[in-house]
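Colleague: I'd like a close look at one single part of this model. Could you pick a residue and walk me through its surroundings, then carry on to whatever else you can describe?

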Amino acid sequence: MSLPRSSSAGPPAAGASEADATAAARPAHTLDDQLLYDQIGAAAAAIRGRWTSVPRVGLILGTGLGRFASLIETDARIPYADIPHFAASTVASHTGQLVCGRLGGVPLVALEGRVHFYEGYTMRQVTFPVRVIKALGAETLIATNAAGAMNLDYELADVVIVDDHINLMPDNPLRGFNDDRLGPRFPDMSAPYDRELTNVARQAATELGVPTRTGVFVAVPGPNLETRAEYRMLRNLGADIVGMSTVPEVIVAAHAGLRTLVLSIVTDLCDPDSLEPATLEKMLAVAERGAGHLERLIPRIVAHLGP
Ligand code: HPA
């Protein structure tokens with residue numbers, strides 16, 4: 001969490017310029033937000049310095065999908081630590097590198113691991129890579145995650161094509177100063193999950209014989225899993241699956257004008273009337289199984305996007 005900077009909270013020091021005085025009159029977070037555009041540019045420039053292609057797609061590889069990167073014809077692997085303003089993941093199940101290359105001839109960048117709000121990062125840090133994917137020239141974002149299923153028809157390791165969401169995160173990545181160069185103040189959310197892409201995903205799944213569901217994802221802050229009463233509430237709200245990521249990224253993607261597809265893997269069943277204790281080990285083991293489906297599905301979806 002960024003704290004207000006005391007240096008800009010008080011009156012300007014003796015000898016300070018007029019610009020400093022104006023700056024001092026504004027809330028500190030507003031000043032930081034105005035730097036965002038330049039920070040995105042610096043991150044994109046660092047990546048371009050090591051990989052000169054223009055990606056068609058940005059792929060976010062969530063829990064259990066680490067292996068996916070081995071399918072990419074890789075030109076460059078860039079640790080997040082080498083990209084200005086990228087946050088490092090503190091979660092063992094998430095590596096932290098950007099894989100740049102081609103999948104079936106289509107140039108793309110894949111984020112091997114994401115950072116989460118529950119790790120203590122700001123929403124701006126959590127969503128920063130999505131801004132950079134856009135700045136590199138991609139038109140499409142494909143994000144994956146692990147989720148718990150309140151919908152009792154769903155089974156472990158099912159792939160869910162997300163077609164809408166409910167945001168219960170306590171902060172919003174677009175809160176604060178809006179830089180019109182990055183997107184509009186009040187982005188439309190009537191269809192943040194691109195209908196054509198969800199249809200392509202369904203078609204690819206049918207071609208491959210991969211069973212999929214289509215459902216509503218609810219985002220919670222975590223890091224604890226939910227109580228039985230909370231699962232009952234989330235189900236009554238209209239959500240099929242629940243997770244601790246992705247929705248902030250989708251909001252920023254909508255703001256930036258990226259077409260978005262989200263694929264979730266069901267890693268635990270969240271039936272409030274017969275809830276089993278969930279452990280990370282069990283969830284990761286199930287995620288591995290679901291990852292097998294996504295390893296077949298994602299290349300086919302990307303191939304549908306054309307060269
Ligand atoms: N809640 C419950 N189960 C889950 C979650 C969650 O946020 N993520 C993955 N499985």
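Modeller: Leaving aside residues up to four places away in sequence, Val 115 touches Ala 87, Ser 89, Tyr 121, Gln 125 and Val 126. Bear in mind that this is a predicted model. Val 115 sits in the loop that runs between β4 (106–112) and α4 (123–135). Is Val 115 buried or exposed? Val 115 has 25 other C-beta atoms within 10 Å, and 20 or more is the cut-off, so Val 115 counts as buried. Take Ala 87 from that contact list: Ala 87 and Val 115 are 28 residues apart in sequence, yet their C-alpha atoms are 6.9 Å apart in space.

On to the ligand. There are 14 residues around the ligand, and Ala 146, Gly 148, Leu 225, Gly 243 and Met 244 come nearest. β5 (140–149), β8 (241–243) and β9 (259–269) each put at least two residues into that shell, with β5 giving the most, three residues. By class, the shell has eight nonpolar, four polar and two charged residues.

Then there's a helix pair. Helix α5 (residues 195–208) packs with helix α8 (residues 280–304) at an angle of about 125 degrees, and their axes are 9 Å apart. That makes α5 and α8 oblique to each other, and their crossing is right-handed. On the α5 side the contact includes Val 200, Ala 201 and Leu 208, while α8 brings in residues including Leu 297, Arg 300 and Ile 301. Sorted by class, the α5–α8 contact has seven nonpolar, one polar and three charged residues.

Notes. Residues are numbered from 1 along each chain as its sequence is written. This is a predicted model: local features need pLDDT of at least 70, side-chain atom pairs count only at pLDDT 80 or more; totals for chains, interfaces and linings use all residues. Helices (H or I, at least four residues) and strands (E, at least two) are DSSP runs, numbered from the N terminus. A residue is buried if 20 or more other C-beta atoms lie within 10 Å of its own, exposed if 12 or fewer, and partly exposed in between; C-beta atoms are placed from the backbone. Two residues are in contact if their C-beta atoms, placed from the backbone, lie within 7 Å. A residue is near a molecule or strand if its C-beta atom, placed from the backbone, lies within 6 Å of it. Ala, Val, Leu, Ile, Met, Phe, Trp, Tyr, Cys and Pro count as nonpolar, Asp, Glu, Lys and Arg as charged, and the others, Gly among them, as polar. Axes are lines fitted to C-alpha atoms, for helices over the stretch in contact, and angles run from 0 to 180 degrees between N-to-C directions. Angles under 35 degrees count as roughly parallel, over 145 as roughly antiparallel, 65 to 115 as roughly perpendicular and the rest as oblique. A crossing is left-handed if the near helix is turned anticlockwise from the far one by less than a right angle, and right-handed if clockwise.
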